[in-house]
Amino acid sequence: MGKLLIGCSGWNYGSLPEESGGWIGVFYPDKETKRLRHYSEFFDTAEMDASFYERFYNSMTKGTFIGMSKATPTKFQFSVKVPETITHRKRLDVNKNVLKDFESFLKKISPLRSANKLGAILIQLPPSFTVCEFKNVESFLNELSTFSKRDSKGFHESKSGNSDDYQYALEFRNPSWKTEGPWELLKHYNIASVITDSPKKENLEFLSETIVTTADHSFVRFHGRNIKGHYWYDYLYNKEELEPWVEKIDKIREETKVLRVYFNNHYGGKAVINALEFKEMLGIKLSEKEVSKLENAKSYLKKNELN
């Protein structure tokens, strides 16, 4: 069975749930709590989404990632989302200097790699990115493979070189990708196809109903199923909805060396509840601290729903 890591998509939600969907009160004791340090007491991985947004990414430096590394335990892992400039604005087009942007991104997050804390690199395509742009993906992955091999060789030869090669995961968000070609392409480059749970109206069931592993590592994202206002993430899964995933997770672990699972239904701390519940459903015994945190979180949300 492959290694299993379970966490949330993001952690820096510094407001009250009832204000703007933050985690103060439901997970973090107060606004003074050092959020990442506190988060890492309960989870061994986190998906970093802020790196996707240009307004946040542009203000990040290597120091940002050095700080993240120092704030977390030795075996903690960060999976980092590729900036929207690369996936959404330039749409992986190698003719638009996208590889140069990607190289800059890897250099910026390099402190995580040096500290052995870099998980998977998430390449999320926009909903408008259809299979008609297959060539863009193919050309990008081909160039990425060449670049990554060269970079890895230099990294291993350097004095600080003590990490494995990069692990990439690619997420489709358009139903036109429901065809064999993409899976074969990802298998060729050992890139994980992101397995997702999302609202039915998005017609993305093919990313969750039939489990296809395309690499020696795998990546699952629970987006939530809210259909009001297209805000998927404001959603709390019940155990009946998560139960079918227990068998799927076991199957994936049999086929891969490492499986990373992230709950992206972050609004109001719902991801925290579902991530801890899912750990338990998978047979992982929660510590007294985790049980207490789970009960407090559920109680907080229930109380605020009644008010």
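**Notebook: chain overview and strand β9**

I looked up the accessible surface of the chain, which comes to about 14,400 Å², with 48% of this belonging to carbon and sulfur atoms. I note that the model is predicted.

**Overall form.** I took the extent of the C-alpha atoms along the principal axes and found that they fill a box of roughly 55 × 45 × 40 Å. I then checked the radius of gyration: the chain has 19 Å, which agrees with the value near 19 Å for a compact globule of 307 residues. For burial, I find that 55% of the 307 residues count as buried. Among contacts with a separation of 6 or more, I find that 75% join residues 24 or more positions apart.

**Charges.** I counted 46 positive and 42 negative side chains, and I placed the centres of the two sets 5 Å apart.

**Secondary structure.** I list 12 helices and nine strands for the chain.

**Strand β9.** I located this strand at residues 258-263 and found six of its six residues buried, so I record β9 as largely enclosed by the rest of the structure. I followed the side chains: V258, R260 and Y262 point one way, L259, V261 and F263 the other way, and all are buried.

**Neighbours of β9.** I find that strand β1 (residues 3-9) pairs with β9 in the parallel sense over six bridges. Within this pairing I see L5 opposite R260. I also find strand β8 (residues 217-222) running parallel to β9, joined to it by six bridges. Here I note V258 of β9 as the bridge partner of H217.

Terms used:
Residues are numbered from 1 along each chain as its sequence is written. This is a predicted model: local features need pLDDT of at least 70, side-chain atom pairs count only at pLDDT 80 or more; totals for chains, interfaces and linings use all residues. Side-chain values use heavy atoms; hydrogens and water are left out. Buried means under 20% relative accessible area, exposed over 50%, partly exposed in between (1.4 Å probe, protein chains only). Helices (H or I, at least four residues) and strands (E, at least two) are DSSP runs, numbered from the N terminus. Two strands pair if DSSP finds at least two bridges between them. The radius of gyration is taken over C-alpha atoms; the globule rule is 2.2 Å times the number of residues to the power 0.38. Contact means heavy atoms within 4.5 Å. Accessible areas come from the Shrake-Rupley method with a 1.4 Å probe; for residues, only the protein chains shown count as cover. Lys and Arg count as positive and Asp and Glu as negative; His and the chain ends are not counted. The place of a charge is taken as NZ of Lys, CZ of Arg, CG of Asp or CD of Glu.
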